[in-house]
Amino acid sequence: MAEHDSDLPELESDDQPDCDEEDDDDGWGDVADEESEEQMNMLIGDVKCLFCQCVEPSVDRILTHFINIHDFNLLNHCRSSHLDCIGFIQMINFIRKQNSTPDDVLKNLSCLKPDWSSDEFMAPVDPNDLLLQLDIEWAQLYHPSVSLMSQKSEEQNETNFRDTFSQSEAIQALIDRVQAAERDRDFLKNELDRALIDMEKLRLSGQSLVSGSGDSKEDKSHICNNSSLAEEDGYFASYGHHDIHMTMLKDRVRTETYRDFMLHNSHLFEGKTVLDVGCGTGILSMFAVKAGASHVVAVDQSNIIYQAMDIARENNVHEKITFVKGRLEEVVLPILKFDVIISEWMGYFLLFEAMLDSVLWARDRFLTVDGCVYPDNFSMLVAGVSNSELRRSKVDFWDDVYGFKMSCMKPEVLDEVHVRLVKPDTLITQPAVIKTIDVMKCQVEDLDFSSQFALTCTADADMTALVGYFTTTFDTGCTTKVHFSTGPETPPTHWEQSVMMFAKPITVKKDSQLTCHMTYRKHPQDSRGIIINLSIQGQKMKFTLS
């Protein structure tokens with residue numbers, strides 16, 4: 001604030017009290033110093049140096065020893081490398097176990113995956129090591145040694161850095177640092193957006209309490225808009241985590257079908273340009289290169305794209321794949337038209353996540369006249385299920401919870417679409433197709449639809465739920481057509497099936513037919529969610545997938 005205030009004109013008033021801004025700043029400094037002193041007083045005791053046999057009487061003294069004797073400002077280096085508490089513990093144990101030098105540590109800190117990135121180094125070499133008790137994230141903010149490194153020391157470290165690494169390693173180290181900074185920025189922006197939404201809700205709640213009136217439409221709209229932005233950020237952030245990509249890659253039905261399509265129909269890719277929408281780890285882009293594509297542009301908004309770049313380099317295909325980070329609708333692509341667009345966009349019950357919207361947007365803007373989008377044909381199907389065990393575990397459970405009734409919980413359970421694997425022997429009707437989609441022809445507005453269909457019963461039973469799933473076909477121009485199903489009677493996939501449980505079971509007879517009506521539309525408050533309305537045998541039900 002002081003820097004901004006210095007630009008303001010002086011106010012001529014004898015009544016204005018004197019404001020000693022420097023005193024105010026000093027006051028804040030005193031608070032920080034007191035906190036620093038209190039934290040460091042808890043870490044007094046013999047501490048052996050990481051790099052020599054010297055022993056100092058406290059963590060504070062050993063940090064100063066690192067700087068004075070080894071020209072190594074531990075806290076500064078940890079801060080510049082965005083090292084968290086877990087990484088700090090692993091690093092300390094690694095240094096003590098491996099007898100590392102400061103140069104070894106600096107080289108590791110510049111790597112995307114340091115040598116200590118293993119659970120092996122969570123076990124302390126010395127259980128009484130006071131350095132392991134240092135809160136590194138607090139110390140990076142408040143400990144005075146963070147600012148002790150002089151310009152001369154920084155210049156010396158920069159010289160050491162240049163001497164230690166080759167030019168390519170130095171560039172990679174800088175890229176790693178930029179990527180780490182971008183990940184931190186995205187995380188903090190997401191947290192800030194959520195905090196702002198919560199603050200706005202609190203403000204409006206306070207207004208409502210004071211005025212006795214409800215929120216205005218304008219205020220509600222403001223909250224919804226902010227909430228949508230936060231949900232979008234959260235959606236893409238979820239795809240930045242390795243676990244979700246491992247799940248998809250381990251889905252052999254999914255991954256091998258895409259692979260077989262490209263490698264068994266290489267004539268569609270040889271010498272062609274390919275756009276990979278939502279590339280993730282880049283597996284489809286690499287399949288396309290292997291099938292003969294001249295160049296692939298891979299787009300993803302999540303931070304997983306940085307790992308995809310490393311994966312492409314590791315497999316020596318990086319010169320044929322250009323990675324672009326950002327929302328497809330906002331980025332500038334290095335190629336204006338593509339012969340092939342490929343994407344694994346499908347969500348639960350096919351259209352959950354609404355990613356097909358982006359694929360259609362790309363089709364209309366980037367696809368050549370003779371080009372094609374793959375996969376290109378889909379069918380959405382439903383079938384009746386009789387599963388009393390599932391009903392007992394999900395619905396009837398609330399009738400007696402340790403002797404207490406909690407029936408008010410049932411409506412929310414019944415409103416949800418439950419994603420799970422359905423046993424084939426619980427199916428009691430033939431499947432019915434409720435929607436077919438040709439990706440080369442359909443429009444976004446076609447993805448909200450109504451369907452009238454009939455279910456033919458195959459057994460006398462009590463129908464307790466409807467199960468939804470989809471099939472996928474790679475068709476146009478293929479000499480070897482490939483397809484897969486996510487239905488209960490085929491090998492399981494990570495999509496599983498979508499189960500809609502009835503409020504009351506419906507008794508059916510073998511060979512009878514049930515006339516049904518379903519509407520399927522996007523959720524108005526969740527841009528990637530789905531609302532399903534179902535009418536069957538006099539029962540009207542509403543389900544949400546979000």
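Is Glu-120 buried, exposed or partly exposed? Here are a few friendly notes on the salt bridges, with that one answered in point 2.

1. The model is predicted, so local features need pLDDT of at least 70 and side-chain atom pairs count only at pLDDT 80 or more, while totals for chains, interfaces and linings use all residues. Residues are numbered from 1 along each chain as its sequence is written, and side-chain values use heavy atoms, with hydrogens and water left out.

2. Glu-120 is partly exposed, at a relative accessible area of 43% (buried means under 20%, exposed over 50%, partly exposed in between, with a 1.4 Å probe and protein chains only).

3. Lys-97 and Glu-120 form a salt bridge, N to O 3.0 Å (a side-chain nitrogen of Lys or Arg within 4 Å of a carboxyl oxygen of Asp or Glu). This pair links distant parts of the chain, 23 residues apart: Lys-97 sits in helix H5 (residues 85–98), and Glu-120 in the loop between helix H6 (102–109) and helix H7 (136–142). Helices (H or I, at least four residues) are DSSP runs numbered from the N terminus.

4. Asp-310 and Arg-313 also meet in a salt bridge, at 2.3 Å from N to O. Both lie in helix H14 (residues 304–314), three residues apart, so about one helical turn separates them. Asp-310 is buried at 19%, whereas Arg-313 is partly exposed at 34%.

5. Arg-259 pairs with Asp-260 in a salt bridge, their closest N and O atoms 3.1 Å apart. Arg-259 is partly exposed at 30%, and Asp-260 is partly exposed at 22%.

6. The count of salt bridges comes to 12.

Definitions and conventions
Helix = DSSP H or I, 4+ residues; strand = E, 2+ residues; numbered from the N terminus.
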